[in-house]
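Let's take a walk through this fold together. Have the sequence and the 3D view open, and we'll go from one spot to the next.

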Amino acid sequence: MTTKRQLIINQEDRERLESLFFTGFASAFSDKPYLQSLRGELNIAQILPPDEIPPDVVTMNSTVRLRHFRSKEVETYTLVYPKDA
């Protein structure tokens with residue numbers, strides 16, 4: 001059984017991400033499929049006010065730790081905008 005995931009994003013982050021499509025940054029990567037994929041995901045995302053985002057949703061500027069199931073190795077990632085990368 002496959003569970004369909006629902007993308008949840010707050011309005012402020014959606015607006016910021018949408019604005020990136022009109023920058024030189026996006027122009028440099030316009031041929032990349034992941035940029036078009038992001039645009040498609042934003043079009044179907046559930047948009048919520050920032051204060052209504054569930055605590056288990058990873059948002060921009062969230063830091064998450066992932067543990068590899070077998071090796072138990074832990075990696076830490078922070079989701080940031082391009083200017084903060």
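Predicted model: local features only at pLDDT ≥ 70, side-chain atom pairs only at ≥ 80, totals over all residues.

Start with the side chain of Ser 62: one of its polar atoms lies 2.9 Å from the backbone nitrogen of Thr 59. Residues are numbered from 1 along each chain as its sequence is written, and side-chain values use heavy atoms, with hydrogens and water left out.

Ser 62 sits in the loop between strand E2 (46–48) and E3. Helices (H or I, at least four residues) and strands (E, at least two) are DSSP runs, numbered from the N terminus. Ser 62 counts as buried because its relative accessibility is 17%; buried means under 20% relative accessible area, exposed over 50%, and partly exposed in between (1.4 Å probe, protein chains only). Leaving out neighbours within four places in sequence, Ser 62 is in contact (heavy atoms within 4.5 Å) with Val 57, Tyr 77, Thr 78 and Leu 79.

E3 (residues 63–67) pairs with E4 (residues 74–78) in the antiparallel sense, over five bridges; strands pair if DSSP finds at least two bridges between them. Leu 66 stands opposite Glu 75 in E4. Six residues separate the two strands, and Lys 72 in the turn has a positive phi of about 65°.

Now for the charges. How many salt bridges are there by the rule used here? The count is two, taking a salt bridge as a side-chain nitrogen of Lys or Arg within 4 Å of a carboxyl oxygen of Asp or Glu. Lys 83 forms one with Asp 84, with the closest N and O atoms 3.2 Å apart. Lys 83 is exposed because its relative accessibility is 71%, whereas Asp 84, at 39%, is partly exposed. Glu 18 and Arg 14 also meet in a salt bridge, at 3.8 Å from N to O. Both lie in helix H1, four residues apart, or about one turn of the helix.

Finish at Asp 13, also in helix H1 (residues 11–20). Asp 13 is buried yet has no salt bridge, and the nearest side chain of opposite charge, Arg 16, is 4.5 Å away. For that comparison, Lys and Arg count as positive and Asp and Glu as negative; His and the chain ends are not counted. Beyond residues up to four places away in sequence, Asp 13 touches Thr 59, Met 60 and Tyr 81.

Methods
Polar contact = N/O pair within 3.5 Å; in protein donor to acceptor, adjacent residues only side chain to side chain.
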